[in-house]
Amino acid sequence: MKLDIKKIREDFPILSTRIYGKPLIYLDNGATTQKPKCVVEEIENVYYTTNANVHRGVHHLSQQATDLAEDARNVVQSFVNAKHNHEVIFTKGTTESINLVAHSFCQQFCSEGDEIIISAMEHHANIVPWQLQESIRGIKLRVVPINEKGELKLDELKKLISPKTRLISVTYVSNVLGTINPVDEIIEIAHKRNIPVLIDAAQAVQHLEVDVQKLDCDFLVFSAHKLYGPTGVGVLYGKEELLNKMPPYQGGGEMIGTVSFKGTTFNELPFKFEAGTPNYVDVIATATAIKYIKNIGLDSIKAYEDELLQYCTDELTKIDGLRIYGTSVHKSSVISFLVNNIHHYDMGMLLDKMGIAVRTGHHCAQPLMEELGVEGTVRASFAFYNTKEEIDILVAGIKRVVTMFAN
Ligand code: PMP
């Protein structure tokens with residue numbers, strides 16, 4: 001279905017903001033997306049009408065808040081098509097979800113010398129938690145390299161797998177290159193050898209339909225704030241069998257069965273992994289965001305964003321001296337680039353003065369920058385509320401910067 005972008009943009013009041021007197025062109029959606037009115041209104045509504053701590057009270061408001069938060073779990077379950085709603089754990093973000101798995105999975109399944117495979121295009125959130133386990137438990141990280149288009153070398157992945165491999169943890173979509181990795185193939189390769197797979201879907205769920213049962217991934221993680229939802233909410237999907245075997249990540253209220261000084265028992269899934277008061281208000285608003293994008297339709301979103309990606313790629317390619325990093329045919333709406341020897345910060349700062357918000361720097365992927373032989377890039381990342389007119393303004397802006405530097 002063709003999207004009515006003008007109407008959609010009315011749902012996002014921030015898009016009519018002016019920056020230095022110019023209309024905002026928001027192309028930093030990979031970092032975080034803007035929020036539709038319904039999400040912000042839901043937060044306000046819960047605080048004004050339903051706020052009470054969840055799972056703890058017999059009183060009416062507490063039960064109402066608990067019902068809304070548990071309904072939100074069902075919404076996420078159906079969004080990723082998990083088999084059970086207790087396979088959906090709420091965290092504070094992708095980063096916390098990966099830290100949880102790194103900690104609890106490694107504690108249960110890894111000993112000194114065991115190996116975890118990641119890739120060269122991972123965000124720091126899918127590198128550092130494993131490095132912490134290297135120093136805690138003496139595990140070893142193995143890294144799948146990429147080719148010149150920014151695609152994973154699957155042959156190398158096969159070679160890296162050894163009897164010591166305990167888990168493969170890879171991103172679905174690169175936040176720098178935009179590459180959509182063949183995660184189905186990776187999961188098949190891994191499962192043939194009984195190795196579980198974690199998929200970092202932080203840059204995927206807002207662009208592609210994700211079905212955890214079809215993929216058969218063992219863990220899948222993402223953040224609500226990149227999915228048009230609030231900050232402070234993340235999701236960890238994990239297969240029941242694995243989650244049941246893993247020890248808790250944090251201790252505190254809610255994750256316990258009984259506590260005594262003689263010993264403590266733990267609650268069942270999902271609460272075993274949700275210590276303390278959860279961010280239930282934002283969890284409820286996350287469900288609102290998911291309903292909002294489901295209503296627009298991920299198929300339509302993907303088709304439109306693909307159009308924007310193609311259009312922007314074509315236009316950028318016409319600029320002399322502009323180099324795009326990440327040229328896979330399987331690509332999501334993220335474009336990293338550099339022009340001539342113009343520093344990415346200079347480009348970003350000058351575009352900002354024109355009202356254009358792009359991201360500059362290493363994008364929390366320093367090992368990838370090293371691999372690409374650059375210190376950083378400029379990144380434009382699109383959402384379904386962006387337009388071709390905005391891309392025209394970006395392209396004109398880049399040309400202006402190039403001229404400034406030529407003079
Ligand atoms: N993985 C990827 C691929 C990302 O793009 C990001 C956010 N840039 C993260 C993990 C971390 O997400 P968060 O900061 O929301 O925890």
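Rings of Phe, Tyr and Trp are taken to pair if their centres lie within 6.5 Å. On this basis, 10 aromatic pairs are found in the structure, which is a predicted model. One aromatic cluster is formed by Phe12, Tyr228, Tyr292, Phe384 and Tyr385.

A pair of aromatic rings is described by the distance of the centres and the angle of the planes. For Phe12 and Phe384, the ring centres are 6.2 Å apart and the planes stand at 70°. Planes over 60 degrees apart count as edge-to-face. The Phe12–Phe384 pair is therefore edge-to-face. Distant parts of the chain are linked by this pair. Phe12 sits in the loop between α1 (5-10) and β1 (18-19). Phe384 sits in the loop between β17 (377-381) and α14 (388-406). The two residues are 372 residues apart. Both Phe12 and Phe384 are buried.

The second pair joins Tyr228 and Tyr385. Here the ring centres are 6.0 Å apart, and the planes meet at 85°. This pair, too, is edge-to-face. Tyr228 belongs to the loop between β9 (219-223) and β10 (234-238). Tyr385 belongs to the loop between β17 and α14. The pair therefore ties together parts that are 157 residues apart in sequence. Residues under 20% relative accessible area count as buried. Tyr228 has a relative accessibility of 0% and so counts as buried. Tyr385 is likewise buried, with a relative accessible area of 0%.

A ring is also involved in a contact with a charged side chain. Lys388 lies over the face of Tyr311. The distance to the ring centre is 5.5 Å.

The ligand site was considered next. The ligand is surrounded by 13 residues. The closest are Thr95, Asp200, Gln203, Ser223 and Lys226. The shell around the ligand comprises two nonpolar, nine polar and two charged residues. Side chains in this region also approach polar atoms of the ligand. In the side chain of Gln203, an N or O atom is 2.7 Å from an oxygen atom of the ligand. A polar side-chain atom of Ser223 also lies 2.7 Å from a ligand oxygen atom. For His123, an N or O atom of the side chain is 3.2 Å from a nitrogen atom of the ligand. Taken alone, the ligand exposes 400 Å². Of that area, 85% is buried by the protein.

Note on methods
Residues numbered from 1 in each chain as written. Predicted model: local features only at pLDDT ≥ 70, side-chain atom pairs only at ≥ 80, totals over all residues. Heavy atoms only, no water. Near = heavy atom within 4 Å. Polar contact = N/O pair within 3.5 Å; in protein donor to acceptor, adjacent residues only side chain to side chain. Areas by Shrake-Rupley, 256 points an atom, 1.4 Å probe, with all protein chains shown as cover. Nonpolar A, V, L, I, M, F, W, Y, C, P; charged D, E, K, R; others polar. Phe/Tyr/Trp six-rings, centres within 6.5 Å; stacked < 30°, edge-to-face > 60°. Helix = DSSP H or I, 4+ residues; strand = E, 2+ residues; numbered from the N terminus. Buried < 20%, exposed > 50% of the residue type's maximum accessible area, 1.4 Å probe, protein only. Lys NZ or Arg CZ within 6 Å of the ring centre and 35° of its normal.
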